[in-house]
Each structure stands twice: as C-alpha cells, then as structure tokens.
Amino acid sequence: MSAARKPMMMGNWKMNGGLQANQDLLRALRAVDCSAQVRAGACVPFPYLSQAQAEWQGSGWAWGAQDLSVHDKGAYTGEVSAAMLREFAVRYVLVGHSERRQYHGESDDLVANKAKQALAHGITPIVCVGETLAERQAGQTEQVVKRQLAAVIHVVAHCVSEMVVAYEPVWAIGTGQTATPEQAQVVHAVLRTQLSAATDRAQTMTILYGGSMNAANAADLLAQPDIDGGLVGGASLKADDFLNMISTAQALTA
Ligand code: PEP
C-alpha cells in the first residue's frame, strides 16, 4: 500500500443474502465509520440495492452492483442498465468478474464495453482480471492479465484513470488458496506499469487484490506497495471479519 492512495476495501456478496441477514450486516458495518482512512463498501445483488441505499445513505459506506448491461435500454430481458443503477445511487460496479467470464461467457470486448458504459454514466467500474490455474502453470499469467486489461484500456481511452482494477487470480477465488503477497505484488506491478503507458495518473489509481482474502492474510497482502486494497467475497459476509480487515487497512495508513 502506498501513502499516495487511499485504500479501498470492497465486498462482493455474489449471489448471497436475504433481507434480514442483509439488514444485520449493513447495520453492523455502518456502525463503524472508517471513511476518513478507507473507502469501504459492498457490491450487492441487484434486488438489494435499494436496501443498501436505505441503510447506508448518509454514511461513509458505498454500495455497488455486480454487473451491468452494455445497452442503454430496450429488449434485453434480464439485463440491468447503468441508468437504472444510477437511480439507486450506485457508485461502483464490478465488470469482468471471473464468474461472469466463466459462467456467462463474457469476452474481453464485452467487459471493456461494460466498463465504458459504467463510466459514461458516472459509475466507477471495478475491472476484474486474472488468470486460471492452468494459465499460471503454463507461465501465461502476465500475458493473460495484460490482454484482459488492454481490451479495457483500448475502449475506455481517456477515462482509464477513472476506473479501479482488481487482480483476482481465478484459482484463488473462493478456494481458500490465496496468492502469496509476492505473487500478487508481481502482477499488480505489471498492471500498474501497463496503466502507466495509458495514463499519467497510474500512480493514483487503485488496484485491488481479490481471492480468498481474509482477516488472517490481509495485512501481508495490503503491505505490498502496489496492492491498494481488497475485493473480498466470502469474508465480506461476516461483519466482524470484514471490519477486522478494514481496520488492518486503516492501521497501514497510520
Ligand atoms: C470475489 O468474489 O471477488 C472473491 C475474491 O471471492 P473470495 O474472497 O470469496 O475468494
């Protein structure tokens, strides 16, 4: 983590939650105001955006969505537009999460256009990139993440510095197998170098690590110079664990 960048700790609830459980979680998190040192929030399922808004409006916590459509409106059954997200004051949206690339066939081009659509509507895309285990074992990690990021850089052009990037090795997501801090730092540095070629503001950009980050491993990951925070799945569903990770990030800014 660098003093030049305010850390971000973003939860990804994936397809989890329920009105009562959400209320408990949103209120437990809201009770802690960490906004002076950390940008904290959660990307929640679409139906719960209004609940997150109602519970968190006026707090330092930010809510986001997990996907959006590339289209503005029309005959796209099941899709949710950026303008709809804006009506719920959504600040962030995940694009290109590996689960969407893997289970919904999202291509690099589609992901790039989703990022562009978010930016055009004033929503910060959190662009997820990451290699599979087979790609890592084949020595292709750098090539894969650079290809995924290049597609987005090409499409969003002069808005590159307005997005957030998340490095999420696919083999580490939901598996309990975290990248070592050194493995993650190597890729984060590669991504920042790539961003530097596209924008003179790369040093101010946020690059998150995601993949089985938890209260036990957060400190070592966040201590790396190019890791600016976390995209946290499972551990963000437990208020105590997530708050613990946030205080770790806070402590590193002190
Ligand atoms: C994620 O869903 O983006 C993620 C990193 O999940 P987990 O923390 O559960 O591995």
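Let me start with helices α7 and α8. In this predicted model, α7, residues 141–156, and α8, residues 181–196, pack at an angle of about 35°, and their axes are 10 Å apart. The crossing of α7 past α8 is right-handed. On the α7 side, the contact is made by Thr 141, Glu 142, Val 145, Lys 146, Leu 149, Ala 150 and Ile 153. On the α8 side we have Val 187, Val 190, Leu 191, Gln 194 and Leu 195. Sorted by class, that contact comes to eight nonpolar, two polar and two charged residues. As for the spacing along the chain, an α-helix has 3.6 residues a turn, so residues three or four places apart point the same way.

Next, helix α2, residues 49–56. Six of its eight residues are buried, so α2 is largely enclosed by the rest of the structure. The buried ones are Leu 49, Gln 51, Ala 52, Gln 53, Glu 55 and Trp 56.

Last, strand β8, residues 229–232. Both of its faces are covered. Gly 229 and Leu 231 are buried on one side, Gly 230 and Val 232 on the other. In a regular strand the side chains alternate between the two faces of the sheet. β8 runs parallel to β1, residues 8–12, with four bridges joining them. It also runs parallel to β7, residues 207–210, through two bridges.

Methods
Residues numbered from 1 in each chain as written. Predicted model: local features only at pLDDT ≥ 70, side-chain atom pairs only at ≥ 80, totals over all residues. Heavy atoms only, no water. Buried < 20%, exposed > 50% of the residue type's maximum accessible area, 1.4 Å probe, protein only. Axes fitted to C-alpha atoms, helices over the stretch in contact; angles between N-to-C directions. Left-handed = near helix turned anticlockwise from the far one by under 90°. Contact = heavy atoms within 4.5 Å. Nonpolar A, V, L, I, M, F, W, Y, C, P; charged D, E, K, R; others polar. Pairing = 2+ DSSP bridges.
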